[in-house]
Amino acid sequence: MSFITRGFSGRNRERDPRLPPGQTKVEDWPVLSAGPTPKISTDDWSFTVTTETGAQTHWSWDELRALGIEDITVDIHCVTHWSKLEMPWRGVPIDKILAGIPTHAKYVMAHSYGGYTTNVPLDELLNGQAWVAFEADGAPLDPEHGGPARLLVPHLYFWKSAKWVNGLTLMDSNDPGFWEQAGYNLHGDPWKEERYW
Amino acid sequence: MSGPAAVEPLESRRTAWYTGTVVEARPETGSARRLVLEVPDWPGNDAGQHLDVRLTAPDGYQAQRSYSIASAGPGSRVELAVDELPDGEVSPFLVEDVMIGDKLELHGPLGGYFVWMPQSVTHDPRPVQLIAGGSGVVPFLAMVRAHAEAGDPTPFRLLYAVRKPDDVFYRQELAQLAANGLQVDYVYSRTAPHDWPVPAGRITKEALAGFVIPASEKPRVYLCGSTGFVELIAGWLIELGHAAGDIRTERFGGK
């Protein structure tokens, strides 16, 4: 149903094939958060996985990092139409966190300091698709960007990459998280423009 | 848990693509423009929601951006106030090129958290503190209008930080609302009006404490502005005793 907008020609004419539809490349890094930025010391930080039976596993900051840190370079895409390309990150893959945790669940709710939640299918967090990340652009994550640690799920819109993440809860049903309850898509694939429902 | 876990029930307003026709366009400040769109099928929007504008060039190239809506409620008129970004692509078009009669593609209404609803819906009698930096005042126009329109008894106070007097959006309407009881406070960071009692300067935590409803009254706080402004003010609000879960933020720009 799109129509040509009278008088519009566009300024950033080069279309980068790495940009999903409706996205614009940015060089800075916009900040979007629903509330104030929590300030969390790594001394107090902990991470908890809760299975569908209620069994819990906890890690301290050092314990989680000891699982093995990877360097990755990924493109990230925010539902508010900006993308950052070729961004270097460091973090622990979710594969290493969930290894050895028995589950039949198909979905995960990520939880954060401050109360934020977001839902992701379990199979989209595994096989090198997601991390608990501590560094971006060669420096520790700023609190505004989710530091000390955020979820990194670069193949989905970035509201799925929960800032200040402190746990994953495995669940049988695909319950909606914070933005998903407020009108955002349950899944959030930027290449399909799964922005809102 | 303190935090943004509780989402208020929304009236069902279907998010969809709509076509709006520009029916009014006028300068808002030296760098911003007010646009009123007639959107025949618009489902209405809650105060504080936003929409996406999509522009399409003759060769199919498209650009999309999000803008806060300055209007609220049912009806087919949707009002935006767009500030031009110097290196922008969509905002310069909307501020300089769009003419009355032009049609724009709109996707919305969007956002279910940074919204205000009347006490008749929320049953929450706590006062509301709005804090805007620059063009961050736009969603608050929707809120103060909806508040006035509903005759809502919730105490409202608006703190509006700008660089200079010419940067104030909706000056006349805010003055009118202030005359009718809305408490509005201005802070000028670079140039103050000539008769202003204090020199221009960046806001301080002490000044902020005097301009907002005290934490002891447990106000619901809405804060909108640039990332730097929101980070600064939100941090001070926490230090002044406001609960993180009572502060809703909307930021624009990078860090």
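Predicted model: local features only at pLDDT ≥ 70, side-chain atom pairs only at ≥ 80, totals over all residues.
Me: What's the mean pLDDT of chain B?
Reply: The mean for chain B is 93, and 95% of its residues reach 70 or more. pLDDT is the predictor's confidence in each residue, from 0 to 100.

Me: Where is the pLDDT below 50?
Reply: Over residues 1–10 of chain B. Beyond near neighbours in sequence, that stretch has 30 contacts in the model. Two residues are in contact if their C-beta atoms, placed from the backbone, lie within 7 Å.

Me: OK, what about the complex: which ipTM and pTM does the predictor give?
Reply: An ipTM of 0.87 and a pTM of 0.91.

Me: How many residues of chain B are in contact with chain A?
Reply: 41 residues of chain B, and they meet 41 residues of chain A. By class, chain B's side has 18 nonpolar (Ala, Val, Leu, Ile, Met, Phe, Trp, Tyr, Cys and Pro), 13 polar (the others, Gly among them) and 10 charged residues (Asp, Glu, Lys and Arg).

Me: Switching topic, which domains does chain B have?
Reply: Domain 1 (16–110) and domain 2 (119–252) of chain B, with bounds from an automatic or database domain assignment. The contact takes 14 residues from domain 1 of chain B and 12 residues from domain 2 of chain B.

Methods. Residues numbered from 1 in each chain as written. Chains lettered and ligands numbered in written order.
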